[in-house]
Amino acid sequence: MANNPLLQVKDAGIQFGGLKAVSGFNMEIRQGELIGLIGPNGAGKTTSFNLLTGVYVPTEGDILFDGKRLNGLAPYQITRSGISRTFQNIRLFNELSVLDNVKVAYHSLSKHSMLSSILRLSSHFHGEQEIEEKALQFLRIFQLDGYKDEIAKNLPYGQQRRLEIARALAAGPKLLLLDEPAAGMNPQETHQLMELIAFIRKEFQLTVLLIEHDMKLVMGICERIYVLDHGQLIAHGTPDEIRNHPKVIEAYLGEEVKSGDA
Amino acid sequence: MKKSKGFWLFLVVSIVVYGLVQLLISTGVLNPFYSNTLIYIVINIILAVSLHLVIGITGQFSIGHAGFLAVGAYMAAICTKLQVPFPLALVVGGVVAALMGLVVGIPSLRLKGDYLAIATLGFGEIIRIVFVNIEYVGGAAGMQVSHLTNWTYAFVCLIITLLVIMNFTNSTHGRACIAIRENEIAADAMGINTTYYKVAAFAIGAFFAGIAGGLYSHNFYIIQPTNFGFLKSFDILIFVVLGGLGSMSGAVLAAILMTIVSTFLQSYPETRMVIYSVILIVVMLYRPTGLMGTKEITSYFGKWPLGKGGRLHGK
């Protein structure tokens, strides 16, 4: 395992006008880890994802990925340097086929130029063939190849989630960010999802950071967990430590009533 | 190099259409009125298809397309006035329009939806007013242009336009543009440089609008800035929306239909606009997604033998 962390977030934060959505956010993820990010609603989990992926530019602190500073890079540049993500509310390319959805993500790894496509040079055909083959390969891994010509919006909900993960992987990430991948899934689907995450992690030697409300999933697969509340990092540690951490319990269940106050 | 069967079919059909019309024109079966109408249809198809790339494929709602038409028309007219050969003049018109597309596109494509529409509408009007005030091109009185456009020039330009836009759309670059239309945030997160593709699509669209402009100005003996007002932009927009957003064959079909309709309604100037609008309303009532929806004409010839429904049931 490398000594340098893959992702290093130092005191990052963002302020919208007078509102500090996230502040003093510190995080270190090493190559190959599976990390969970939890917290009550409105704690700033998705906001911190948006900071990592360049949707928002941090107003304070630094984000280092693979030794490179990510602050101020556009989302597509961050994706190309190796962070890709899924969304809390699924954002597929609805009118495109399942296969085309994955092909779009593989776009940044293809090399043939716009001119070669317009003139239909041989590099265009080679490039397109490579994209097609890679995309089909991803669909097979996710057992979506049976749906390849289906329009993305017509897929059942669980399959849309799978497709979103497949699409994120096709962009060739080193770090995969999953924003509530199990939202709206039944226990059986959640179980399949856990297996899928474990599988892709091994298959692609991936580092994964996931936001999740399903504690069974988080506690079951994550090696370390970070807890956010009101934009502040309140705890981090192994699942067992987090489960018994007084501040975490307080954030989720409220302050304990002291005997003297009663 | 391999070409698909569809390409050869396209080539054969277009040669047959070209030869047939050329024969009819040279034997005098088609009188100048009809051949002129045909050329006008071709120009409108080029305009419709170039705007289709911007609105239908990339999803950027631009309503200043007549501005690029005007730039191409005037640039080509100035070139031929300076004794530049006509084909070169067409290219110059297209290139200058594409450069205008870059200049306008880079700042304004940061805007979305209605705001982009207003910005591009403003651009179209600025272009028109600039030409009104330039003495060299005759100002509001207009500029005399020699009649150089013929069926061959128009048709060759049309085929090139269709091929380039089809090839662009059916490639990873076109898919990137469609991804931007479908969900810009997700496209960005998938590593697509959204600004680059929006500007590129805008510039390619502007280029072909400029080519259409060159053909347009040399199809008449005079061009005036009033020909390029925002109503012209809306005419082009109507082709794209009526044909079905996202369908190139739809845009072609709508351009043909609406040009024929408005040409033949010229004999009834009092009721012309009334009938034109009634046709639009009827189409929108019965085909709310446009004549073709998002389908292409090829989908009717079994190019998609989809076992599981798929795109045919998509919309």
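Q: In what order do the strands of the open sheet in chain A lie?
A: Strands (E, at least two residues) and helices (H or I, at least four) are DSSP runs, numbered from the N terminus. Two strands pair if DSSP finds at least two bridges between them. Here the 6 strands of chain A follow the order E6-E7-E8-E3-E9-E10, and the pairing is mixed. This is a predicted model: local features need pLDDT of at least 70, side-chain atom pairs count only at pLDDT 80 or more, and totals for chains, interfaces and linings use all residues. Residues are numbered from 1 along each chain as its sequence is written, and chains are lettered from A and ligands numbered from 1 in the order in which they are written.

Q: Which are the edge strands?
A: An edge strand pairs on one side only; here these are E6 (83–85) and E10 (232–237) of chain A.

Q: How many bridges join E7 to E8 in chain A?
A: There are 5, between residues 175–179 and residues 207–211, and the two strands run parallel. A:Leu177, for instance, has A:Leu209 in E8(A) as its bridge partner.

Q: Which elements touch chain A from the side of chain B?
A: Two residues are in contact if their C-beta atoms, placed from the backbone, lie within 7 Å. By that rule, 31 residues of chain B are in contact with 36 residues of chain A. Helices H6 (151–169), H7 (172–182), H8 (184–189) and H9 (194–217) of chain B each give two or more residues to this side. H7(B) gives the most, with 7 residues.
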